[in-house]
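Please keep the sequence and the model in view while reading.

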Amino acid sequence: MSFVDWALVVHVLSAFAYVAGLVVFWVLVVAVRRTDTPAETLRMEPIVKVGGVAVGVGAVGTIVVGIYLAFAVGNYAIWDGWIIAALVLWAISGALGQRTGAAYMQGMNKAKELDAAGKTGPDEGLLALNRTQAGLILHSLTSLAVLLILLDMIFKPGA
Amino acid sequence: MTTVIATVRPHAWDFPLFLHVLGAMILVGGLLAGAACLGLARGDSRFLRLGYRSLLVVALPGWLVMRVGAEWIASKEGWNDKGVPTPRWLDIGFFLADVGGLILLISLIVGGIGVRRLRAGRGTTLLRTTLALSVVLLGAYVVAVWAMAGKPS
């Protein structure tokens, strides 16, 4: 296998990590909707970190190696329409992902406050934050953007 | 191989390939979510159940979509035709997909019994086995992605 072949492997593995991280967050988004105690909310933090690492590694790996591949592989150019579309969608998904994280961190921060105050029972305010509609919509849009990237990468419109 | 990367596939192959890759990504995501919940549950029954459900509701459908997509794209590319020798990367992919599917099924059966035992307060040994199998599957599918993307001769 050549260096470019290995780069493609890293690019694809990064894409898998990115999507896997999003799936982890989907599992948490569903689970947190029925979570109204600080302890149970805080128990999700280590799993959030797993999802965060997967998304982070995936996002950096796809963009860095993807740009390298756009220059290294003949027939492809960085200004090809489908590659520009992928770059734009990648930026959109990253921005939406950050806002999703901020929306769901409100619940996590509230849980920390309640825990510090010694309030361990169910809390309506915490449940409302954990069921954030804004977070759900933002995560859906992030997932849609990543799905469009996958479609773009495979169908390569215009190539 | 660079030539292979640069070659544009016939567009008729795109949708089966999309289905195959999407299924594989959902499968890996379900395995990661399942392993993370099972591994970080620290005995919390809610997270152990969540981990098991991730494998059942996310990883298993992902495997099915990936496997159907694999068969479809292989037939489109003519690898299923009689007398056509299959390349090594495809053999690796099919082997890992099928053996992985069997291991996933075993882990789900073992985990299902484990969840029942959990309800009865009889320990988490079987769910730890499910966790171990999920981690093995994650490793196996990293190898599968290497074979599919790198296409080693």
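If its neighbours within four places in sequence are left aside, A:F25 is in contact with A:G51 and A:H139. In this predicted model, A:F25 has its place in helix α1 of chain A, and because 27 C-beta neighbours lie inside 10 Å, A:F25 counts as buried. A:G118, by comparison, is 93 residues away from A:F25 in sequence, and the C-alpha atoms of A:F25 and A:G118 are 28 Å apart in space.

Chain A has 6 helices and 0 strands, so that, read from the N terminus on, its elements run α-α-α-α-α-α. Taken along the principal axes, the C-alpha atoms of chain A fill a box of roughly 60 × 30 × 20 Å. Of the 159 residues in chain A, 37% are buried, and among its contacts with a separation of 6 or more, 83% are accounted for by residues 24 or more positions apart.

Buried residues make up 39% of the 153 residues in chain B, while 77% of the contacts between residues at least 6 apart in sequence join residues at least 24 apart.

How confident is the predictor in chain B, as a mean pLDDT? The mean is 90, and 95% of the residues of chain B reach 70 or more. Within chain B, confidence is lowest in helix α1 (residues 2-6), where the mean is 46, and highest in helix α2 (residues 14-39), where the mean is 96. For the complex, the predictor gives an ipTM of 0.93 and a pTM of 0.92.

The next topic is the contact between the chains, to which chain A gives 33 residues and chain B gives 32 residues. On the side of chain A that touches chain B, the elements that give two or more residues are α1 (3-32), α3 (45-72) and α6 (133-155) of chain A. Among these, α1(A) gives the most, with 15 residues. By residue type, this side of chain A divides into 26 nonpolar, 3 polar and 4 charged residues.

Which residues have the most contacts inside the largest nonpolar core? This core has 73 residues, and those with the most contacts inside it are A:F16, A:A20, A:V23, A:V24 and B:L32. At least two residues of the core are supplied by each of α1, α3, α4 (81-116) and α6 of chain A and by each of α2, α3 (45-76), α4 (88-119) and α5 of chain B. The largest share, 20 residues, comes from α1(A).

A:K156, in the segment after α6 of chain A, has a phi near 40°, a positive value in a residue other than glycine. B:K151, in the segment after α5 (125-150) of chain B, likewise has a positive phi, of about 45°, although it is not a glycine. Are these residues buried or partly exposed? A:K156 counts as partly exposed because it has 19 C-beta neighbours inside 10 Å, whereas B:K151, with 20 other C-beta atoms within 10 Å, is buried. The cut-off for a buried residue is 20 or more such atoms, so these two lysines fall on either side of it.

Notes: Residues are numbered from 1 along each chain as its sequence is written. Chains are lettered from A and ligands numbered from 1 in the order in which they are written. This is a predicted model: local features need pLDDT of at least 70, side-chain atom pairs count only at pLDDT 80 or more; totals for chains, interfaces and linings use all residues. Two residues are in contact if their C-beta atoms, placed from the backbone, lie within 7 Å. Helices (H or I, at least four residues) and strands (E, at least two) are DSSP runs, numbered from the N terminus. Ala, Val, Leu, Ile, Met, Phe, Trp, Tyr, Cys and Pro count as nonpolar, Asp, Glu, Lys and Arg as charged, and the others, Gly among them, as polar. A residue is buried if 20 or more other C-beta atoms lie within 10 Å of its own, exposed if 12 or fewer, and partly exposed in between; C-beta atoms are placed from the backbone. pLDDT is the predictor's confidence in each residue, from 0 to 100. A nonpolar core is a set of buried Ala, Val, Leu, Ile, Met, Phe, Trp, Tyr and Cys residues joined through C-beta atoms within 7 Å.
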